[in-house]
Amino acid sequence: MRFLTLGRYSLGIGDRFAHQAKAQLETFILAARQGVDVIPVWNKSNREHVTIGSAPASTRAAADQAVEALNWQKPYHVDADHIRFDTVERFLPHADFFTIDVADCIGKPTDDGNARRFLDRHPELIGKLSIPDIQEPFRTDRAQVERVAQKYLLAVTEAGRIYRHINQKKDARTFITEVSMDETDQPQTAPELLVILAALADECIPVQTIAPKFSGRFNKGVDYVGDLAKFEKELSDDVAVIAFAIKQYRLPPTLKLSVHSGSDKFSIYGPIRRTLKRSGAGLHLKTAGTTWLEELIGLAEAGDSGLVLAKEIYAKALEHLDELCAPYASVIDIQPTKLPAAEAVNRWSSQQFVSAVRHDQANKEFNPHVRQLLHVGYKIAAKIGTRYLSALEECEQAVSRNVMLNLYERHLKPLFL
Ligand SMILES: [Zn+2]
């Protein structure tokens, strides 16, 4: 192969404070014992590194150590998540998976010549297009395809520029390429995805996962909000478009969808699972902040000083509500009136704190507002620094038990097992 290949099923996992890689990897071992190989990918974006004050080398070191300690023999990867041209550099020596984020270029005009050349190269995109496994053929005219090309070509060109930059510094056989367009307002339709894939093939990017924006809300750390039937149709059409594009444009046979902000979207795991089973397609699903929440739950569950620290983090997060929420405004829905006062939380028992934060929708004490606030509140723990890290080590048993339970029971099992 002329590029490093990604396994059929892979799960992106986040480990903000680089303390849970072993607990996380244990769950992939459990899945493998059940006969399903899921490839772990430790992802961390530049934004997370900057917020925490960590460096990409630490993600690599934590992953390598866990793999070594548990003697994991299958592939694993370290993802430079949501990188751009100006942020990719420091990831280059440590990552073997690059998520090229070009969402900011969507909708910015490309020059007319560029769009015209694209249309001339792709007459097959105009007219009636029948795609296996999609009931209704796409019907398009030149003006429509031109509008789509105008909307996405600059983003694809930018993906090409970033890909080639990475490839100048790294042998293509040593890394995996993902292109992400999810952090934008409007979902991409299946016909748009086809145009994007044709353009990515023109740029000679060996893209193995593509992250479109789906309809509905993918809020951080809580369940999907949207029309489930619509989501399932969208997913299934995208999967069909990808299978078609692999053949039509000679894209990597391993190309598959990547679902971002995928943690805790319990209501779409059923549709995802059905679609994978029916189509035989692969999937990359990214989770990230949910492990940090399990750390907090573990601290609270351990009681004593762990619980006190968890309450301190909540109090400080509440104090800095606006500042913490601002960068995540489009991916959280917090009603401030549903957030209990710090004094009230300070009276909570260990069980009450755990019930409020743990993502168990059947539990009446579960509070999605508290959960979302803490989700974006990792900066507070980063500021607390070594005191937080020592607490993680002191409460390691409770923390790793919760990290594993969440990843295995609530994610790997419903999705893949
Ligand atoms: Zn994303």
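Strands S2 and S3 (residues 77-83) run parallel and are joined by five bridges. To find one of these pairings in the predicted model, look for Trp42, whose bridge partner in S3 is Val78. Strands of a sheet pair through backbone hydrogen bonds, in either a parallel or an antiparallel fashion. S2 itself covers residues 39-45 and is mostly covered, with six of its seven residues buried.

Now turn to the pairing of S2 with strand S1. S1 spans residues 9-13, runs parallel to S2 and is joined to it by four bridges. Here Leu11 stands opposite Pro40 of S2. Between the two strands, the chain passes through helix H1 (residues 21-33), and this β-α-β crossover from S1 to S2 is right-handed.

S7 (residues 176-180) and strand S8 (residues 207-211) run parallel, with four bridges joining them. Two pairings are handy landmarks here: Ser180 stands opposite Ala211 in S8, and Glu178 has Thr209 of S8 as its bridge partner. On the way from S7 to S8 the chain goes through helix H6 (residues 190-202), in a β-α-β crossover that is right-handed.

How many residues of S8 are buried? Five of the five are, so S8 is largely enclosed by the rest of the structure.

The next partner of S8 is strand S9 (residues 256-259), which runs parallel to S8 and is joined to it by two bridges. Ile210 has Leu257 as its bridge partner in S9. The chain reaches S9 from S8 by way of helix H7 (residues 228-248), and this β-α-β crossover is right-handed.

Helices also deserve a look.

For H1 and helix H17 (residues 396-416), the angle is about 35° and the axes are 9 Å apart. Their crossing is right-handed. On the H1 side, the contact is made by Ala23, Gln24, Glu26, Thr27, Leu30 and Ala31. H17 contributes Ser400, Val403, Met404, Leu407, Tyr408, Leu412 and Phe416. What is the make-up of this contact between H1 and H17? Its residues divide into nine nonpolar, three polar and one charged.

Finish the walk at Gly280, in the loop between helix H8 (266-279) and strand S10 (283-286). Is Gly280 buried or exposed? It has 9 C-beta neighbours inside 10 Å, and a residue counts as exposed with 12 or fewer, so Gly280 falls in the exposed class. Gly280 also lets you compare sequence with space: Arg8 is 272 residues away from Gly280 in sequence, while their C-alpha atoms are 9.4 Å apart.

Notes: Residues are numbered from 1 along each chain as its sequence is written. This is a predicted model: local features need pLDDT of at least 70, side-chain atom pairs count only at pLDDT 80 or more; totals for chains, interfaces and linings use all residues. A residue is buried if 20 or more other C-beta atoms lie within 10 Å of its own, exposed if 12 or fewer, and partly exposed in between; C-beta atoms are placed from the backbone. Two strands pair if DSSP finds at least two bridges between them. A crossover is right-handed if, with the strands pointing away from the viewer, the path from the first strand over the helix to the second runs clockwise. Axes are lines fitted to C-alpha atoms, for helices over the stretch in contact, and angles run from 0 to 180 degrees between N-to-C directions. A crossing is left-handed if the near helix is turned anticlockwise from the far one by less than a right angle, and right-handed if clockwise. Two residues are in contact if their C-beta atoms, placed from the backbone, lie within 7 Å. Ala, Val, Leu, Ile, Met, Phe, Trp, Tyr, Cys and Pro count as nonpolar, Asp, Glu, Lys and Arg as charged, and the others, Gly among them, as polar.
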